[in-house]
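Here is a short report for a first look at this chain. Keep the model in view while you read.

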Amino acid sequence: MSDATLGFTVQPADEKRAPTRVNSYWRTVGRRLRRDYVTLFFIAIILAIALAAVFAPLIAPFDPNKTSMIYRLKPIGYKDFLLGTDELGRDMLSRLIYGARMSLLMGLVPVAIATAIGGFFGVVAGFLGGWANALIMRTMDVFYAFPSVLLAVAISGTMGGGVLNGLLALTLVFIPPLCRVSEAATTQIRSRDFVEAARASGASSLSIIFHHILRNVLAPVFIYASSLISVSILLGAGLSFLGLGVEPPTADWGLMLSTLRQSIYVQPLNCALPGAAIFLSSLSFNLVSDGLRQAMDIRA
């Protein structure tokens, strides 16, 4: 009786099956991001702003600090001034390009430092628990008694204006929420079976933290930190607007809003340009953060 009569066929021995490709977590995240065209569009905007900031000396048509009272408050499209001039005759396009440097600096650096510090204390508090958790988290709760805007203004006002003081103020504002997110994720993962198995096998606390805790905590902390970049840009612009951040004549979007507000009835479009730049950059980071959150949510 043949194999065909029995209802099955035998494949040749030399014919190999195609290996099954197992998609990793990050490959899945990348595939989801490639399908999210809204997120890709705003990532392109962020890259364009970042490239303009990096190559500002090559892109800017004029010196951003060169003044000329002859060309004071010229409208958009006047002669060689594509976006007009400000109250001191400085080219608006050049100052917007250079201002992207300070705005990105005020947005990225405080969040990055706060993520490292807050994440560290959050992991320590969540993993150790007990008195260490109570000490760290109650200290962080003290900062929660004040709104973030008020806290940033108070810290920067106490230390004085300047870029470094503004960066320090924003960093201190973002450490408590990032610490809380990290602590909550660590506390949840600490009771998982694979952590208990590693502890039972004799693994040290440092080994458990680096090999089991961190890889599971990084995703939620990273998503939350990315959502704070837009907040940091807004707070940094607010500090500069109040005179507590970047000092003149450095180009900064918040400082440009502050100096142009007296000319709003003369050239309203020129005055709106720094605000539009702040809005576009904050919106881009916010929507990219939402896209990353959806892409990294494996339950979706």
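## The nonpolar core

The largest nonpolar core of this predicted model has 64 residues. Such a core is a set of buried Ala, Val, Leu, Ile, Met, Phe, Trp, Tyr and Cys residues joined through side-chain atoms within 4.5 Å. Buried means under 20% relative accessible area, exposed means over 50%, and partly exposed lies in between (1.4 Å probe, protein chains only). L96, L170, F174, L178, I213, V217 and W253 have the most contacts inside the core. Helix α10 (residues 205-241) gives the most to this core, with 14 residues. Helices are DSSP runs of H or I with at least four residues, strands are runs of E with at least two, and both are numbered from the N terminus.

What does I213 touch? Leaving out residues up to four places away in sequence, I213 touches V123, F127, T186, I189, R190, V195 and I208. A contact means heavy atoms within 4.5 Å.

## Basis and confidence

Residues are numbered from 1 along each chain as its sequence is written, and side-chain values use heavy atoms, without hydrogens and water. As this is a predicted model, local features need pLDDT of at least 70 and side-chain atom pairs count only at pLDDT 80 or more, while totals for chains, interfaces and linings use all residues.

pLDDT is the predictor's confidence in each residue, from 0 to 100. The chain averages 86, and 91% of the residues score at least 70. Where pLDDT is low, the predicted coordinates should not be read in detail.

## A nonpolar surface patch

L51, V54, F55, L58 and I59 make a nonpolar surface patch of about 520 Å². Helices α3 (37-54) and α4 (56-59) each supply at least two of its residues. L58 lies in α4. L58 is exposed, with a relative accessible area of 72%.

## Backbone details in the loops

Two residues in the loop between α4 and α5 (92-128) deserve a look: L73 and K79. L73 is not a glycine, yet its phi is positive, near 55°. K79 is not a glycine either, and its phi is about 50°. L73 is buried at 7% relative accessibility, whereas K79 is exposed at 61%.

A cis peptide bond joins P248 and P249, with omega about 0°. P249 is in the loop between α10 and α11 (253-260).

Note on methods
Patches are made of residues with over 30% relative accessible area and no salt bridge: like charges are joined within 9 Å, nonpolar side chains (Val, Leu, Ile, Met, Phe, Trp, Tyr) within 5 Å. Accessible areas come from the Shrake-Rupley method with a 1.4 Å probe; for residues, only the protein chains shown count as cover. A salt bridge is a side-chain nitrogen of Lys or Arg within 4 Å of a carboxyl oxygen of Asp or Glu.
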